[in-house]
Amino acid sequence: MTLAQRSKRLESIHKKLVDKPTMRMTQMQDIAGCRAVFLRLNSVYRLVQGYKASKFDHKFRSEKDYINQPKADGYRCYHLVYEYCGTTDTSAYTGLRVEVQIRTQMQHAWATAVEAVGIFTKQALKSNQGDEDWLRFFALMGSAIAAIEKTTPVPGTPTAKKALIAEIDALTHKLHVKEMLQVYNATITTLGSAKDEKYFIVEVDPEALKITVRRYKAKQSEEANKLYTELESQLPDSSPNQIVLVSVDNINALKRAYPNYFLDTNLFSRLVDRVLKGDIPDPILQASLALDEPLPT
């Protein structure tokens with residue numbers, strides 16, 4: 001099990017407030033959030049039921065099952081939204097929304113690939129904006145992964161296996177998908193203490209294929225937060241670079257928890273290969289959840 005936490009990027013918060021003028025911080029469902037990624041689909045729904053059956057102080061606000069009702073862009077995940085109820089010491093946070101995202105590793109691989117390709121093509125694919133062929137490719141792959149997991153296909157995609165694979169194959173060649181996924185071999189530079197690290201500032205420079213990781217000990221949290229704020233404030237709005245501050249137990253866990261910041265698309269690339277080999281069920285037949293579907297090897 002890998003546990004990690006990341007500070008919400010100011011850019012992300014600012015963009016939501018700008019894009020939705022009527023939005024307020026107290027209405028933002030993911031101003032705080034957590035995500036659980038599981039190997040198997042039954043674990044996802046087991047945790048969902050565990051949350052819904054639990055009795056704690058925070059108020060349940062809403063839920064979205066994007067696994068059995070996937071978004072048109074191919075996004076699949078289970079969302080639960082709670083309203084935080086603070087104690088005397090944390091009353092300032094009362095009323096803020098917390099979003100819980102629960103997904104499988106295949107669904108996470110899809111999301112990671114969307115973000116990585118979006119970074120390199122300088123398109124907001126994650127926000128369903130950009131080249132229509134890339135958007136269509138990811139929607140189709142969403143359906144292919146849904147077929148593997150025996151859940152509902154993505155709306156607007158072929159429900160017959162042969163047609164689905166044929167369209168994915170055509171776009172894979174047109175977009176040079178395999179080549180695109182293979183070029184993400186960035187140079188990783190690490191700075192700071194090699195022992196007892198707890199906080200990491202990760203700076204991704206996709207144009208230079210460079211990733212810089214600054215490491216800090218637990219007692220250096222204030223220093224790490226200060227530098228993170230400075231670096232992010234210096235980043236131009238038009239820059240494709242990304243800067244994040246994360247907390248994990250060690251640098252090895254960092255890449256496992258956040259493959260997108262290392263432009264790691266290996267699992268998704270294997271999924272594409274599996275689909276092109278025809279190793280998926282027929283999407284139209286998937287009416288029940290697959291509880292024991294293994295990951296591709």
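## Along α5 and into the core

Select residues 161-174, which make up α5. This helix has 14 residues, and from its first C-alpha to its last it reaches 20 Å, close to the 20 Å expected at 1.5 Å a residue. Bear in mind that you are looking at a predicted model.

Now show the side chains of L164, I165, I168, L171 and T172, the buried residues of α5. Turn the view until you look down the helix axis: these buried residues fall within an arc of 135°, so they line one face of the helix. What sits on the face turned away from the buried side? There you will find the exposed residues K162, H173 and K174.

The buried residues of α5 pack against α4, α6 and α9.

Which residues have the most contacts inside the largest nonpolar core? Select W110, W134, F137, F138, M141, I168 and F268 to see them; the core has 33 residues. At least two of its residues come from each of α3 (105-121), α4 (132-148), α5 (161-174), α6 (177-182) and α9 (266-276). The largest share, nine residues, is supplied by α4.

Zoom in on F138. Leaving aside residues up to four places away in sequence, F138 touches D73, G74, W110, A113, V114, V117, L125 and F268.

For the last stop, select F200, V213, V244 and Y258. They are among the 16 residues of another core, which lies apart from the largest one.

Technical notes. Residues numbered from 1 in each chain as written. Predicted model: local features only at pLDDT ≥ 70, side-chain atom pairs only at ≥ 80, totals over all residues. Heavy atoms only, no water. Core = buried A, V, L, I, M, F, W, Y, C linked by side-chain atoms within 4.5 Å. Buried < 20%, exposed > 50% of the residue type's maximum accessible area, 1.4 Å probe, protein only. Helix = DSSP H or I, 4+ residues; strand = E, 2+ residues; numbered from the N terminus. Contact = heavy atoms within 4.5 Å. Expected span 1.5 Å × (residues − 1). Arc of directions from axis to C-beta.
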